[in-house]
Structure formats: C-alpha cells, structure tokens
Amino acid sequence: VQLQASGGGLVQAGGSLRLSCAASGRTFSMYVMGWFRQAPGKEREFVARIGRSGISTYYGDSVKGRFSISRDNAKNTVSLQMNSLKPEDTAVYYCAADRGLSTTPQQYDYWGQGTQVTVSS
C-alpha cells in the first residue's frame, strides 16, 4: 500500500490542524493505521493508531485528550485531528500501515512521506 500524508503547516500554540493520509490499493481496510512524529534530533515517536474497523483507537501519552484519529475505509483515508497544539508538537508527522497492533515504528510495514507541523509559541 502507498501512503500520502498532507495537511501540515504553521499554527500558533493553542490552534488546530487536521492531517490526512490517503492510501492506494484495495487492501486498506486490512491494515491498522498509525501516526508517528519525529522532531529534529529525536527518535520517531508514536502518536496514535486506529484499528481496521475504526472502532479501536490508542494514543501516546503526550497527545491523549488533544488528538483524535479516525479513518474512512470507503475513501482509503486516515486522519489526525490535532487540537490545543503546543510548541513541543512541532515535528514531521508520518502515517504508517501495520498488519498488527503496535506502537513501535519498526513494526510498521508502509510509510508515507511525512508532513511538517510547526507550532509557534
């Protein structure tokens, strides 16, 4: 599956952004979808994941209560709604696809190209 992330940009602290990830192929619904982020000089960090049907979600502690992940299997898309953004949310955000349930980047099979999110203070 090929993934294309979009929606990043520059936003002030406290603001919101919505990231989208479009997937190609007919097997999108077979994959657990995740969002990760990587800030300069830091390791790639788990942000959120959503199960195949869209019912099960799981979030990293740093974004819990502020971010929301969703998917539309009919449109082959997964989204990340980011609210109450903080400067420490600044990073390149990646969508990824996994056949299992994981929060570890190494377990994800397919990756999008990343989209930059910058939060100014």
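Rings of Phe, Tyr and Trp (its six-membered ring) form a pair if their centres lie within 6.5 Å, and planes under 30 degrees apart count as stacked, over 60 as edge-to-face and the rest as tilted. The model is predicted, so local features need pLDDT of at least 70 and side-chain atom pairs count only at pLDDT 80 or more, while totals for chains, interfaces and linings use all residues. Residues are numbered from 1 along each chain as its sequence is written, and side-chain values use heavy atoms, with hydrogens and water left out.

**Exercise 1.** State how many aromatic pairs there are, and which residues the ring pairs link into a cluster.

*Solution.* The count comes to seven aromatic pairs. Ring pairs join Phe36, Phe46, Tyr58, Tyr94, Tyr108 and Trp111 into a cluster.

**Exercise 2.** Classify the pair formed by Phe36 and Phe46, and find what it ties together.

*Solution.* Begin with the geometry: the ring centres of Phe36 and Phe46 are 5.7 Å apart and the planes stand at 75°, so this pair is edge-to-face. Next, place the residues in strands (DSSP runs of E, at least two residues, numbered from the N terminus). Phe36 belongs to strand 4 (residues 32–38) and Phe46 to strand 5 (residues 45–50), so the pair ties together parts that are 10 residues apart in sequence.

**Exercise 3.** Decide whether Phe36 and Phe46 are buried or exposed.

*Solution.* Buried means under 20% relative accessible area, exposed over 50%, and partly exposed in between (1.4 Å probe, protein chains only). Phe36 has a relative accessible area of 0% and is therefore buried; Phe46, with 10%, is buried.

Technical notes. Helix = DSSP H or I, 4+ residues; strand = E, 2+ residues; numbered from the N terminus.
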